[in-house]
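Subject: Structure handover

Hello,

The structure you asked about is below. My notes on what was found in it follow.

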Amino acid sequence: MHIEKHPVLGRQLHKPVTIYFNDQPYQAYTQQSVAAALMANGIKKLGVTRKLVQSRGLFCSRGRCCSCYMTIEGEDHVRSCMTEVEDGMRIYPNMDDPEVRRDIDED
C-alpha cells in the first residue's frame, strides 16, 4: 500500500514507474526507495542471512544495518533503502554471498 497523502508531509506520490522484482512487474513512484516500493507492493523478504539462511527484511531504513542488501541492476549487495527506483529497474533478492567474498573464502 502506497501512502498517497501524509498528514504532515502532504502529497507523497510522484510519477509512477514500473520496476521488476524477480522479473515480475510492480508499480512504484519516483523518489521512492527500492525498499519502500517493495514494501508497498507486499514484498517483505529481501534476501537471506549469510550463515543461518534466514529471511532478511527492512530493519533500520536509513542505510546503517545492511539488512536490506539486494541485487539491483546487476550489482550485488546494494542497500535498497538508500537507492531510488528508476523506470524499468531490475531487482533481485540477495540469496548468497557476493562473488568477491566467495573468491576470498576459497583461497
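Loop residues with positive phi

At 45% relative accessibility, Asp23 counts as partly exposed, a class that lies between buried (under 20% relative accessible area) and exposed (over 50%), with a 1.4 Å probe and protein chains only. Asp23 is not a glycine, yet its phi is positive, at about 70°. The residue lies in the loop between E3 and E4. Helices (H or I, at least four residues) and strands (E, at least two) are DSSP runs, numbered from the N terminus.

Asn22 is also in the loop between E3 and strand E4 (24-29). Its phi is near 50°, again positive in a residue other than glycine. Asn22 is partly exposed, with a relative accessible area of 36%. Most residues other than glycine have a negative phi.

Basis of the values

This is a predicted model, in which local features need pLDDT of at least 70 and side-chain atom pairs count only at pLDDT 80 or more, while totals for chains, interfaces and linings use all residues. Residues are numbered from 1 along each chain as its sequence is written, and side-chain values use heavy atoms, with hydrogens and water left out.

Overall layout

The chain has two helices and nine strands, in the order β-β-β-β-α-β-β-β-β-β-α along the sequence. Of its 107 residues, 35% count as buried. Where contacts (heavy atoms within 4.5 Å) join residues at least 6 apart in sequence, 39% of them join residues at least 24 apart. The accessible surface of the chain comes to about 7200 Å², and 48% of this belongs to carbon and sulfur atoms; the areas come from the Shrake-Rupley method with a 1.4 Å probe, and for residues only the protein chains shown count as cover.

Strands around E7

Two strands pair if DSSP finds at least two bridges between them. Strand E7 (residues 69-72) pairs with strand E8 (residues 75-79) in the antiparallel sense over three bridges, and Tyr69 stands opposite Arg79 in E8. The two strands form a hairpin with two residues between them, and Glu73 in the turn has a positive phi of about 55°. E7 is also joined by three bridges to strand E9 (residues 90-93), and these two run antiparallel. There, Ile72 stands opposite Ile91 in E9.

Core and side chains

A nonpolar core is a set of buried Ala, Val, Leu, Ile, Met, Phe, Trp, Tyr and Cys residues joined through side-chain atoms within 4.5 Å. The largest one has 18 residues, of which Ile19, Val34, Leu38, Met70, Ile72, Val85 and Ile91 touch the most other members. Strand E3 (16-21), helix H1 (34-40) and E7 are the elements that give two or more residues to this core. H1 supplies the largest share, four residues.

Leaving aside neighbours within four places in sequence, Ile19 has contacts that include Ala37, Leu38, Val85, Met89 and Ile91.

The charged end of Arg90 sits over the ring of Tyr20, 4.0 Å from its centre; the criterion is NZ of Lys or CZ of Arg within 6 Å of the ring centre and within 35 degrees of the ring normal.

Regards
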